[in-house]
Amino acid sequence: MTDLAPYAVTGNNSRGRKIIEDAPQGRSEFQRDRDRIIHSGAFRRLEYKTQVFVNHEGDLFRTRLTHSIEVAQIARSIARHLCLNEDLAEAISLAHDLGHTPFGHAGQDALNACMKTYGGFEHNLQSLRVVDKLEERYAAFDGLNLCFETREGILKHCSADNAARLGEVGERFLNNRRPSLEAQVANLADEIAYNNHDVDDGLRSGLVTLEQLETVPLVANHLNEVRHAYPDLPERRVVHETVRRMINTLVMDLIRRSESNISTQSPATLDEVRSAPVLITYSPEINDQQRALKGFLRTHLYRHYRVLRMSAKAQRIISDLFGIFMADSRLLPPQFQHPAEQDRARAVADYIAGMTDRYAIREHRRIFAVEEGV
Ligand code: MG
């Protein structure tokens with residue numbers, strides 16, 4: 001690894017793990033975090049969870065797993081360029097969606113509505129709950145006992161109430177402080193990954209067309225360049241070549257702008273990063289362009305009637321399951337059964353959030369379809 005910047009997170013300036021463990025052999029603390037995440041059950045389940053398209057709709061669409069790997073790739077590139085801790089950026093990226101429900105945002109909204117009187121449900125908080133509590137792999141502790149900096153990176157946003165309840169990892173939301181630059185990088189790498197792969201998946205699905213995308217400057221600029229340089233290129237290759245250039249533009253803009261933010265602010269330590277403004281940013285021009293792309297995707301892809309139909313189905317599955325498990329907790333697997341209503345609601349939410357798309361569909365069928373076995 002190249003020399004890290006003085007304000008990068010390292011094993012030395014880390015606040016460490018809640019439960020003190022022996023130092024890792026042959027790998028760094030943050031490599032160990034990454035390895036624990038990759039070996040977790042929640043990570044493997046990401047393979048069968050929706051990003052935008054439900055898992056069974058096609059084999060080539062992104063899932064939460066391939067999305068998380070793309071985020072990690074982008075985050076590592078940026079972190080390396082800025083002399084930040086690549087392993088930490090990678091660990092945060094791989095863990096950031098561990099708490100996602102089945103069926104993407106439709107699933108999260110449905111579960112949040114079900115949990116309204118029980119403290120709500122938020123996938124970002126749930127990702128932290130997975131690594132802090134729900135994974136059962138170690139003899140000495142619940143969860144994965146990750147380093148503070150990995151946990152703070154997973155917790156991207158948080159209400160004041162939740163922040164107060166979460167202790168150390170929630171403090172920055174109450175004290176108006178920033179997370180590490182590695183966390184800031186992983187956060188924007190997430191956005192770069194999904195905006196670009198949703199263009200690719202949207203086109204592949206036929207729900208959006210290249211003609212529509214020509215109205216989006218970030219796409220149009222690169223599309224015109226590609227068409228001009230390769231007039232006879234088949235359309236699939238035009239799409240890949242365009243998306244590749246879009247990712248590169250966003251990454252390079254982010255690196256340049258962040259370098260200039262860092263040199264203006266010149267933090268000397270990790271602590272000075274925490275009290276500085278957000279330093280990992282796009283330039284205003286590229287920021288406008290990527291917001292326009294986001295707006296396009298929201299209108300034309302995420303609210304496409306075929307996506308909304310799938311979302312409506314997903315919401316029904318989740319609220320049916322929640323309703324029946326709350327009404328009769330004896331239907332739950334024993335480890336999720338809780339006599340007290342408040343605890344039961346959280347246990348039901350944990351159970352449902354942990355399901356893959358197809359597991360939720362099957363579980364719904366097992367319980368509600370009379371012709372189905374149980
Ligand atoms: Mg994500």
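A crossing of two helices is left-handed if the near helix is turned anticlockwise from the far one by less than a right angle, and right-handed if clockwise. By this definition, H16 passes H17 in a right-handed crossing. Helices (H or I, at least four residues) and strands (E, at least two) are DSSP runs, numbered from the N terminus.

The structure is a predicted model, in which local features need pLDDT of at least 70 and side-chain atom pairs count only at pLDDT 80 or more, while totals for chains, interfaces and linings use all residues. Residues are numbered from 1 along each chain as its sequence is written, and side-chain values use heavy atoms, with hydrogens and water left out.

**Packing of helices**

Two packed helices are described by the angle between their axes and the distance between the axes. Helix H16 covers residues 305–327 and helix H17 residues 341–353; they pack at an angle of about 145°, with 10 Å between their axes. Here the axes are lines fitted to C-alpha atoms, for helices over the stretch in contact, and angles run from 0 to 180 degrees between N-to-C directions. Contact means heavy atoms within 4.5 Å. From H16, Ile318, Leu321, Phe322, Phe325 and Met326 meet Glu341, Arg344, Ala345, Val348, Tyr351 and Ile352 of H17. By class, nine nonpolar, no polar and two charged residues make up this contact of H16 with H17. In this classification, Ala, Val, Leu, Ile, Met, Phe, Trp, Tyr, Cys and Pro count as nonpolar, Asp, Glu, Lys and Arg as charged, and the others, Gly among them, as polar.

Helix H5 also packs against H16 and H17, through its buried residues, which pack against H3 and H6 as well. Buried means under 20% relative accessible area, exposed over 50%, and partly exposed in between (1.4 Å probe, protein chains only). The buried residues of H5 are Gly104, Ala106, Gly107, Gln108, Ala110, Leu111 and Cys114.

**The magnesium site**

Four residues supply the protein donors of the magnesium ion: His67 (NE2), His96 (NE2), Asp97 (OD) and Asp190 (OD), at 2.1 to 2.7 Å from the ion. Donors are N, O and S atoms within 2.8 Å of the metal (3.2 Å for Na, K and Ca); water is not among the atoms, so sites may look incomplete. Along the chain, the donors of the magnesium ion follow the spacing H-x28-H-D-x92-D. Histidine 67 in helix H3 (residues 64–81) and histidine 96 in the loop between helix H4 (86–95) and helix H5 (104–114) are 29 residues apart, and the pair links distant parts of the chain. Both histidine 67 and histidine 96 are buried.

**Salt bridges**

A salt bridge is a side-chain nitrogen of Lys or Arg within 4 Å of a carboxyl oxygen of Asp or Glu. By this rule, the count is 33 salt bridges.

| Salt bridge | Closest N and O atoms |
|---|---|
| Arginine 17 and aspartate 33 | 2.7 Å |
| Glutamate 90 and arginine 34 | 3.0 Å |
| Glutamate 225 and arginine 245 | 2.9 Å |

Glutamate 225 lies in helix H12 (residues 217–229) and arginine 245 in helix H13 (residues 235–265), so the pair ties together parts that are 20 residues apart in sequence. Glutamate 225 is partly exposed, at a relative accessible area of 41%. By contrast, arginine 17 and aspartate 33 are both buried, and glutamate 90 and arginine 34 are buried too. Salt bridges that share partners join Arg27, Arg34, Asp35, Arg76, Arg80, Glu86, Asp87 and Glu90 into one network.

**Individual residues**

Leucine 144 has its place in the loop between helix H6 (123–134) and helix H7 (148–154). Leucine 144 counts as buried because its relative accessibility is 0%. Apart from neighbours within four places in sequence, leucine 144 is in contact with Arg36, Ile37, Ser40, Val131, Glu135, Arg137 and Tyr138.

Glutamate 191 belongs to helix H10 (residues 181–205) and, at 13% relative accessibility, counts as buried. With neighbours within four places in sequence left aside, glutamate 191 is in contact with Tyr282, Gln290 and Lys294.

Most residues other than glycine have a negative phi. Cysteine 83, which is not a glycine, has a positive phi of about 60°. Cysteine 83 is located in the loop between H3 and H4, and its relative accessibility of 29% makes it partly exposed. Serine 266 also has a positive phi, near 35°. Serine 266 lies in the loop between H13 and helix H14 (270–275) and is partly exposed at 47% relative accessibility.
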